[in-house]
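Please keep the structure open while you read this note. Each point can be checked by eye.

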Amino acid sequence: MVFSKLIDDLILETTSLSLPWFSAELCLSGTIVLMLLLRLLSVDRWVPAYLIGVLGAFAALFCSWQQFAELSQAPPASTEPLVTFTGLLVQDQFSVYFRAFLALFLLLTIALTALTGIPDHEDGPDFYSLLFGATIGMMIMASANNLLMLFIGVEMASVPSYAMVGFLKGRKASSEAALKYVVYGAGAAGVMIYGISLLAGVLGTGDMSLLSERLSLAAAGGSGGLADPEVRTAALAVMLIMVGLAFKLSLVPFHFWCPDAFEGASAEVAGFLSVASKAGAFALLVRLCLALSGGVGTEGLMLAFGIALGVVACVTATFGNLAAYNQSNLKRLLAYSTIAHAGYMLMAVSAMLVMQNSGRAADFAPEIDMSIEGLLYYLAVYLFMNLGAFAVVALARNYTFSEELDSFKGLIGQAPVLCIAMMICVFSLVGLPPFGGFFAKFMIFAAALKAGQAHWFMYVVVAFGGLNTVLSLFYYIRILKTMFLDPRPEGARKVSLPLFSLEGSYVLALSLFVLMLGILPSITTGLSNTARTAAQSIVQK
Amino acid sequence: MVGETLRNLLMVAWLLPLAGFAIEIFGGFWGKRTSKTAAWIAVACIGTGFLCSASALVLWGNSNGWTVLESDGHGHADAAHTEAAHPEPGHSEAADSADTAHSKQTVYSGTLYSLGKFGSLNVSLDYYIDSLTLTMFTMVTLIATCIHLFAIGYMSEELTEEYVDHHAHLSNGHHVHRPGRFYRFFAFLSLFCFSMLGLVLAGNIFQVFIFWELVGICSFLLIGFYTERKSASNAANKAFIMNRVGDFGFLIGLMVIWTYFGTFQFGPTSNADGVITDPGLFGMIHRDAAGTLLTDPVTGDVAITTVDGTPAVDGAGQSRTIPYSLLVVAGLGVFAGCIGKSAQFPLQTWLPDAMEGPTPVSALVHSATMVAAGVYLVGRFYPMFVQEVLLTIAYVGCITLFVAATIAIVATDIKKVLAYSTISQLGYMMLGLGVFGWGAGLFHLITHAFFKSLMFLCSGSVIYGCHHEQEMTKMGGLWKKMPITAFTMLVGVIAIAGLAIPGVIAFSGFHSKDAVVASALAFSDANPGHFLLFIMPLITAGITAFYMFRLWFFTFLGKPRDMHVYDHCHESPWIMTVPLLVLSVFAAFCAVGGEDGPLYQLITGDEPTHVAAGIASTQSVSGLTLPGHSAIHDVHSKAGALALFAAVSGTVIAYVLYGTTLVNLAEVKRHLSGLHSFLWNKWHFDELYDALFMKPAHIVGKFCAWVDKSLFDEILHGAARTCVIVAKWDRLFDEKLVDGFVNLLSRATWSVGDSLKVVQTGKLRQYVMFIVVGVVTLFAVLFATFPR
């Protein structure tokens with residue numbers, strides 16, 4: 001092969017195939033450049049940065065929407081997945097779903113920051129550059145097809161996050177939180193890159209689509225268990241990679257950064273991190289798990305791996321819920337709530353792995369789809385309900401200058417719209433019908449229950465899930481009790497947020513979505529069908 | 001077309017007062033208390049109603065060429081009744097070709113609005129328009145208009161923010177102070193007019209019942225208008241409760257009717273094609289030319305017929321019949337309602353008490369219209385009444401007219417005299433209807449309405465002029481002070497007394513009372529056993545003249561008995577005297593021509609078919625002979641002479657006793673003290689009912705209360721105590737055991753949560769340590785648990 005031919009092919013592949021599929025990310029990158037450029041030209045005095053940001057995010061959303069439609073309409077030409085950039089990224093409905101999801105979330109976050117005024121006018125381009133950069137990283141995480149891209153994605157999402165946590169420059173707590181986040185993140189990244197190098201070394205490739213094949217090759221001839229040194233090394237490597245992802249997902253015992261970082265960061269940033277980075281990390285986790293499983297002779301190992309994830313899920317959910325009990329800072333409380341929800345969502349991945357490697361994967365095909373579908377549905381609902389909760393915190397903070405739970409006492413008398421929105425979000429977070437959270441939880445628990453037929457331990461996981469739902473009631477309801485029943489203390493700062501205000505309609509719109517995702521069958525089935533399509537696109541390979 | 005126009009005109013007349021009521025009650029509540037707007041709205045509504053009714057009457061007459069007014073004399077029984085089976089179908093105007101032999105159509109019926117269909121029962125608002133309906137409409141709206149105008153003057157004291165009611169006292173002895181209720185009075189009047197006109201227009205017996213109750217509630221509201229007065233609220237309750245007794249019978253009648261006939265409609269109902277689907281109640285009872293009811297040959301029960309008069313069959317092929325006894329029950333039931341509404345014996349005692357209401361109310365509701373509704377219904381429902389029922393009606397009327405007239409002799413309250421007179425005259429009407437004088441009874445209804453409302457308004461004028469003095473013993477010589485009132489009152493008195501110079505001039509009461517007495521005479525001639533039905537009204541005619549002239553002499557002639565009252569007395573303003581003059585003209589001349597005159601002919605234009613010929617005893621089930629027109633005509637002059645003699649006698653005696661000083665009244669009273677106190681106490685009816693019903697009711701009530709208190713309550717209290725004891729144990733169990741466990745659990749979880757905080761030290765160095773520890777731990781676990 002002639003080198004110039006190689007270059008030509010590469011250019012052709014890049015320009016005609018890869019770049020169109022990369023259009024959403026390109027939109028975001030372009031927006032960053034545009035924002036920084038406009039500030040250089042002092043145009044930002046007339047055009048606020050969030051306006052450009054909204055346009056960019058909208059363009060990205062539009063692009064990914066188009067891509068999803070294209071993928072759904074195109075006949076399955078081949079069973080080979082569509083890969084771009086010489087196999088570094090994979091394009092399927094799953095990754096496009098996440099891309100659209102992240103773009104939408106970005107849009108909503110920009111809207112929130114525009115409403116709350118963080119960042120101020122001067123810092124706008126900086127902040128949004130970080131926000132967009134992190135989002136691009138997460139999009140790459142969702143479509144990574146190579147261990148290298150996995151690491152790059154995680155780091156690309158993490159590094160701007162560190163800066164965003166410390167964005168409240170004047171506040172000591174903010175800087176401290178950023179420092180902790182950075183150091184902790186660096187440690188986790190170190191562990192992960194070690195794991196990646198081990199895995200690539202043992203299996204001789206970084207291409208994730210080849211992993212299961214290589215793993216079964218390595219296991220062949222041996223016991224297929226840890227007694228085999230190659231398998232042992234691979235298992236160790238996978239575990240180390242998992243540590244890196246666990247850091248992003250704030251799974252116990254790698255969650256320590258989370259409450260501190262959330263408390264120090266502004267509520268808007270906390271809301272962004274809690275949803276977006278979790279979504280990216282889950283996409284990556286699902287990809288990795290599916291890439292590793294399915295090989296011949298490694299079922300036992302992967303089954304144990306799935307159960308291990310189940311254990312982590314139980315521990316995480318329980319820990320998050322219990323630790324949230326006597327938190328006095330609402331953001332910190334929500335941070336623990338985030339940890340707990342990561343636990344619930346991890347149950348879906350665990351159930352998927354267990355069913356996938358039970359040896360009867362064909363029997364469980366609908367339930368495997370359902371577990372992924374449940375995860376995607378959960379993330380979609382979680383987007384609205386968690387962002388809604390953080391938005392309420394952020395909007396109230398603008399009046400009270402406090403995020404302590406006490407400052408929310410008796411808020412119903414002054415800002416009913418915030419309280420109503422918070423109520424809907426909290427009930428959905430608990431998982432009460434008819435709100436969206438209920439159906440999301442229902443799907444995950446149903447999949448886990450079905451997985452119980454593959455391995456008894458999944459029943460324990462479901463039981464833990466149920467128990468945790470009850471446990472979570474205590475602290476969630478405490479928020480509502482504080483807002484609705486406690487009297488407003490004398491001398492508390494007044495929160496004057498009328499019902500018909502931009503802020504009020506924003507939170508109401510979010511909570512309305514939470515409600516609609518629960519009660520409107522058309523939306524519910526629409527989303528769940530989309531999620532199922534996305535789930536099938538990844539599982540059937 | 002005519003039917004539709006008539007219906008629309010009458011509907012306007014009927015519904016306008018309802019609109020007026022709505023405007024007045026709300027507008028008045030939010031408006032100024034001193035505004036007369038409500039009154040003028042009410043007058044406008046009812047006045048427009050009168051115009052509509054009058055034009056409807058004219059239109060109706062024009063449409064049939066005024067054939068009904070062409071007097072057939074008496075005895076030509078066949079030409080007067082023009083309608084056999086009412087040919088007018090529900091909604092269409094198609095002339096019934098089979099009926100062309102008769103003169104033009106005069107009866108219109110159909111459905112206004114269907115309320116709902118329950119099984120086979122079709123509840124709807126219907127209309128039934130014939131000459132009686134139109135006459136009643138015109139009479140009611142005309143009198144109501146006059147009374148509305150009069151009331152503007154009479155109720156003017158209510159036009160204030162603070163009205164002092166001198167007849168109502170608080171517990172501390174002070175008078176009641178309250179805002180004026182001028183608007184409310186007129187709102188109630190409007191509601192009453194709506195209800196009354198609805199009753200007259202009603203095309204089915206159930207609809208009659210609805211409006212029957214509506215006028216009842218209006219009567220209740222108006223009697224209790226001065227609700228702060230104990231006597232007024234008691235009277236309102238009494239009127240309402242006694243009417244319910246009668247309505248109970250009414251309901252039973254309705255049940256019988258619906259069970260056997262399956263319909264409430266008077267007239268026929270037709271579908272869209274003009275085919276008659278339901279002959280209506282009047283078409284379901286068929287009488288042959290001799291007045292005999294068509295019976296089923298097998299069972300002997302009364303046959304229910306179809307439109308064309310042939311026996312109807314039900315779904316199973318059985319011919320539909322109703323036992324004769326149940327037909328009697330149905331008739332008596334409906335009549336029971338009429339007894340209550342028209343204050344007939346034995347339910348007459350509420351009407352005198354109802355005089356607690358303002359005088360215009362007494363004039364409109366309790367003399368001219370509402371109480372006449374009972375008579376009207378008897379007339380309307382006439383085809384359904386069999387001989388036994390008619391006899392009952394006659395006797396009830398007979399007893400009533402005598403009893404009430406005797407009480408009126410001794411009453412001294414000017415309104416009470418008129419109230420008893422009203423009862424007595426209603427008795428006359430019932431008697432007339434009962435002895436087969438259908439036209440006579442209703443004739444008297446119309447004439448009575450005019451002269452009695454006139455006299456009530458006159459008494460109202462007197463009361464207003466004398467500053468709410470109602471006792472005749474404090475009046476006298478008012479002739480000079482209030483000439484118009486005295487004159488118009490005299491017109492009314494002459495009319496009701498039945499005085500006349502035969503052949504020269506006769507006021508309305510003479511003609512109508514003549515007709516009733518003549519019917520009664522013909523009846524007692526045909527049935528000698530029932531001679532009392534003639535003797536009593538004859539005597540009472542004398543008594544009537546006596547007490548009415550007594551009233552007039554007492555009030556307007558002689559020397560003033562109370563100078564204080566006399567000195568402050570004054571004639572009423574024009575707004576009150578003009579209605580008096582208008583009504584006096586009608587009271588005098590409305591019945592001009594007597595039974596050959598236009599009013600009588602108009603009323604009897606749509607007379608039930610079997611009335612004219614009478615029913616001979618041989619064909620009658622009960623052996624009664626019911627006189628036809630010719631029989632009545634034969635005795636008319638004789639009856640008229642006797643009645644006039646009685647009236648003149650009564651007048652003379654009244655003049656001797658009250659117009660002159662020849663007789664010492666106190667002496668007479670002393671001599672007849674036993675009779676006087678008997679009459680003064682109204683034949684002890686109130687005491688009798690008190691002993692018969694109230695006392696037993698109280699005893700039963702007390703017994704029930706005792707059972708309730710000492711038996712059921714004890715059981716309940718015991719149960720409650722047991723519950724409390726159980727609950728105490730339950731609480732102990734709950735608090736100590738269940739709560740203790742829950743609290744323990746929550747404390748445990750809380751402390752676990754608390755201890756988890758300890759791990760989160762916030763020290764960065766430690767966090768990084770935890771990564772290492774975590775990785776190592778996981779590694780250890782991995783090697784310990786994963787398959788080898």
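Predicted model: local features only at pLDDT ≥ 70, side-chain atom pairs only at ≥ 80, totals over all residues.

1. Look at chain A and find helix H14 (residues 365–400) and helix H19 (residues 521–539). Their axes come within 8 Å and cross at roughly 130°. The crossing of H14(A) and H19(A) is right-handed.

2. Now pick out the side chains of this contact. H14(A) brings A:Ile368, A:Asp369, A:Ile372, A:Glu373, A:Leu376, A:Tyr377 and A:Ala380. Among the residues from H19(A) are A:Leu527, A:Ala531, A:Arg532, A:Ala535 and A:Ile538. The residues of the H14(A)–H19(A) contact divide into 11 nonpolar, 2 polar and 3 charged.

3. Next, see where the chains touch. Chain A gives 29 residues to the contact and chain B gives 24. On the chain B side, helix H25 (685–759) and helix H26 (764–785) are the elements that give two or more residues. Which of them gives the most? H26(B) does, with 12 residues. By type, the chain B side has 15 nonpolar, 6 polar and 3 charged residues.

4. Finish with helix H11 (residues 359–368) of chain B. Is it buried or exposed? Buried: 10 of the 10 residues count as such, so H11(B) is largely enclosed by the rest of the structure. Its buried residues include B:Thr359, B:Pro360, B:Leu364 and B:His366.

Note on methods. Residues numbered from 1 in each chain as written. Chains lettered and ligands numbered in written order. Axes fitted to C-alpha atoms, helices over the stretch in contact; angles between N-to-C directions. Helix = DSSP H or I, 4+ residues; strand = E, 2+ residues; numbered from the N terminus. Left-handed = near helix turned anticlockwise from the far one by under 90°. Contact = placed C-beta atoms within 7 Å. Nonpolar A, V, L, I, M, F, W, Y, C, P; charged D, E, K, R; others polar. Buried ≥ 20, exposed ≤ 12 C-beta atoms within 10 Å, placed from the backbone.
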